[in-house]
Amino acid sequence: GPSLGVDTTASPPCAMSSTPVPVPKPLLPSAPHTEAARQLDELLADLGHTQSKLAAAGQGAGVPAESSLDNMLDSLTRDLQELGITAAPAGVCAACRKPIAGKVSPSLAPLGITPGCPHSPPASSSQVLTALGKTWHPEHFTCARCGQELDKGPFFEQGGQAFCEEDYHQAFSPRCAYCTGPIREKVLTALEQTWHPEHFFCAQCGKVFGDEGFLERNGKPYCHQDFLAMFAPKCQACERPVIDNYLSALQGVWHAECFVCTECLTGFTGGSFFELEGRPYCELHFHQRQGTICHGCGRPVTGRCITAAGRRYHPEHFTCTYCLRRLHKGTFHESGDKMYCQPCHDKLFL
């Protein structure tokens, strides 16, 4: 039967651990790192994080919080530069296009659906993360479909965009031809469709196919047993499926061993048979059923025939029981189912 195909590469490869991305070097010479400079860097990072959080939540009244924080950050940056300290941004957020202050977190790689994956990315309190070759505010790295934040959990990449696991499977994974649900792990391909391996089973008995494979009829898969029982021609004698080594006769098919005389069950070694009411017979039993057996010799009468007293005879076997001479119609007598010529009848019974 058609072979089964199993495709285990229908989804992105499994995620691999990645190395941290170094903080870009300052564009301008900066003063040696001091405890004050370190604290100022952390302050800028906290302010930048608060700014992006408030902007995302849409909070603030009067003067927008985002504008106020922007002014505060600009003022702090100018003051630091006057002191000879340059605060270097860690990158530009790919979502909001604003600079990101703080340390870069380990980069995130999209996760695959190979069994055993995905691996969750390491938790980080950094204010910037790297994924898909770009930098992001953690709260701006979200699923392109549902908007769920992805900085703490697994994600999948498609067309340069990030997706949460559920939305990725719903949008891009192949669908099972039986349940129509997304196939998250192993994909079985058969009948030009994709299936969950556990959903590819016999359309009649529901059993999953083993090494013997399957047979197809009208786009549906069947195990060998059910396919033969439902669709294979049946032997006219035993009514079992006919697979090979068969005979075609009497408007039907037969196992070779089943095509025998209906009466004596003997095969037709002579290469011919007699048909009566759609069944095969040997010559003897065909003539017995037809009443064309010679009463004298017990053999079939196929040529000239004499009928007397409701019985049939070969002409040469229509003889006097006593003298064995051939009888002629109108010149014989019957006694006890036996035929006699006139002289022998008179001699024996008169």
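## A histidine to start with

A residue is called buried when its relative accessible area is under 20%, exposed when that area is over 50%, and partly exposed in between (1.4 Å probe, protein chains only). His255 has 7% relative accessibility, so this residue counts as buried. His255 belongs to strand β13, residues 252–255 (a strand is a DSSP run of E, at least two residues; a helix is a run of H or I, at least four; both are numbered from the N terminus).

Beyond residues up to four places away in sequence, His255 touches Cys235, Cys238, Arg240, Pro241, Val242 and Asn245, where contact means heavy atoms within 4.5 Å. With one of these, Pro241, the His255 side chain reaches the backbone oxygen at 3.1 Å.

## About the model

This is a predicted model: local features need pLDDT of at least 70 and side-chain atom pairs pLDDT 80 or more, while totals for chains, interfaces and linings use all residues. Residues are numbered from 1 along each chain as its sequence is written, and side-chain values use heavy atoms, leaving out hydrogens and water.

## Two nonpolar cores

A nonpolar core is a set of buried Ala, Val, Leu, Ile, Met, Phe, Trp, Tyr and Cys residues joined through side-chain atoms within 4.5 Å. The largest has 13 residues, with Cys235, Trp254, Phe259, Cys261, Phe268 and Tyr281 making the most contacts inside it. A second, separate core of twelve residues includes Trp136, Leu150, Cys164 and Tyr168.

Glu166 and Arg184 join their side chains in a salt bridge at 2.7 Å, N to O (a side-chain nitrogen of Lys or Arg within 4 Å of a carboxyl oxygen of Asp or Glu). Glu166 sits in helix α3, and Arg184 lies 18 residues apart from it in the loop between α3 and β8. Glu166 is partly exposed at 39%, and Arg184 is partly exposed at 30%.

How values were computed
Polar contact = N/O pair within 3.5 Å; in protein donor to acceptor, adjacent residues only side chain to side chain.
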